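Student: I am new to this structure and would like to go through it step by step. Please show it first.

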Amino acid sequence: MITAKIESKGLIKGLIIWTILFAVIIFGFSAVYPQMHSSAMEDLLGAKLNGLSPALLKTFNISVNGQASFLVATGFFAYYFQYMFLAASIYAMMLGSQALIKEETDGTIEFLYAQPVTRREIVTSKFVANLFVLAIFWLISFGISVGSTLIYRQSTDSAATITKELGKIFVQESLILLFFLTLGFFVSTFIKSSKQSTSVSLGIVFGFYLIGIFSDLNDSFSWAKTISPTHMGIPSNLLDKGLSSGNIVLLSMLILLFLGGTYAVYQRKDLKV
């Protein structure tokens, strides 16, 4: 419990910064939405989008129909939030990848081991603390997203539909964020310094993102969609189809595998004192 409190306090500053950045960007994008309904913009969008190939529209996750359409509040949100979700995935990955290595990097590992806790308890406490911080960040982001979308919605946009559809996106993407958090924890048992966390997290998340793009561009590579969590979490796809049961099972198994692997590796790791 002591370890969890110490860990949580150390994560507050980062949580505040990430939350403020998300809030500013979300409100900024939401304020643009009413302009999409001007006659000039509707004509421009219709002409430009109809001139693009279906493959290109698919690659950039642009839809012209249904709840994922640019001219529907939920669709406009889904388009820009795919990039916000990418950033959230990096944040989750960074939280995990720094968790078990930062004391070794900062030279405070002796203080940690002066506490009456086992290595297993250290992993558990740190995981609970990081999961709590990530959950707070995601809940606040959901509230800001719903609030800003409702503020700038048009008369044709239903408040109930907006709340329901955005809730669908956030609930399903939370499983993917948990995947990146546990993957980060597993990675943190191998890296040598917390300074490597940012580059490793960026590399892994963007690597998955590029795999998803290539799977859309090349039909022979379409199978790769099933191994790209960032592709699974594309908001427009979640609005249309949601996470498949196969993806949910796969992500759940990987989460348990990475978490179990973290306990196993950290238990035998030679710590740098």
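Student: What pattern does the protein chain follow, read along the sequence?

Tutor: This is a predicted model, in which local features need pLDDT of at least 70, side-chain atom pairs count only at pLDDT 80 or more, and totals for chains, interfaces and linings use all residues. Residues are numbered from 1 along each chain as its sequence is written, and side-chain values use heavy atoms, with hydrogens and water left out. Helices (DSSP runs of H or I, at least four residues) and strands (runs of E, at least two) are numbered from the N terminus. The chain has 12 helices and 0 strands, and its pattern is α-α-α-α-α-α-α-α-α-α-α-α.

Student: What percentage of the residues of the protein chain count as buried?

Tutor: Buried means under 20% relative accessible area, exposed over 50%, and partly exposed in between (1.4 Å probe, protein chains only). The protein chain has 273 residues, and the buried part is 46%.

Student: Is Trp138 buried or exposed?

Tutor: Trp138 is found in helix α7. Contact means heavy atoms within 4.5 Å; leaving out residues up to four places away in sequence, Trp138 touches Phe81, Phe85, Ala88, Phe170, Glu173, Ser174 and Leu177. Its relative accessible area is 7%, so Trp138 is buried.

Student: How far apart are the C-alpha atoms of Trp138 and Leu177?

Tutor: Leu177 is one of the residues that Trp138 touches. Along the chain the two are 39 residues apart, and their C-alpha atoms are separated by 9.3 Å.

Student: Which backbone oxygen does the side chain of Thr149 reach?

Tutor: Thr149 has its place in helix α7 and counts as buried because its relative accessibility is 7%. Leaving aside neighbours within four places in sequence, Thr149 is in contact with Ser30, Ala73, Phe77, Ile162 and Leu166. A polar contact is a pair of N or O atoms within 3.5 Å; within protein, one must be able to donate a hydrogen and the other to accept it, and residues adjacent in sequence count only if both atoms are side-chain atoms. At 2.6 Å, the side chain of Thr149 reaches the backbone oxygen of Ser145.

Student: What is the volume of the second largest pocket?

Tutor: This pocket is lined by Gly10, Leu11, Gly14, Trp18, Tyr91, Met94, Leu95, Gln98 and Lys102. Both α1 and α4 supply at least two residues of the lining. A volume is the space filled by probe spheres set on the grid points, which are joined across faces, edges and corners; for the second largest pocket the volume is about 190 Å³.

Student: What is the relative accessible area of Ser188?

Tutor: Ser188 lies in helix α8 and touches Gly96, Ser97, Gln98, Leu100, Ile101 and Lys269, not counting residues up to four places away in sequence. A polar atom of its side chain lies 2.6 Å from the backbone oxygen of Phe185. Ser188 is buried, with a relative accessible area of 0%.

Student: Is Lys164 buried or exposed?

Tutor: Lys164 is found in helix α8. Its C-alpha atom is separated by 9.7 Å from that of Thr74, 90 residues apart along the chain. Because its relative accessibility is 59%, Lys164 counts as exposed.

Notes
On a 1 Å grid over the protein atoms alone, a cavity is a set of points where a 1.4 Å probe fits but cannot get out, and a pocket is an open set with protein on both sides within 12 Å along at least five of seven lines; lining residues have an atom within 4 Å of a point.
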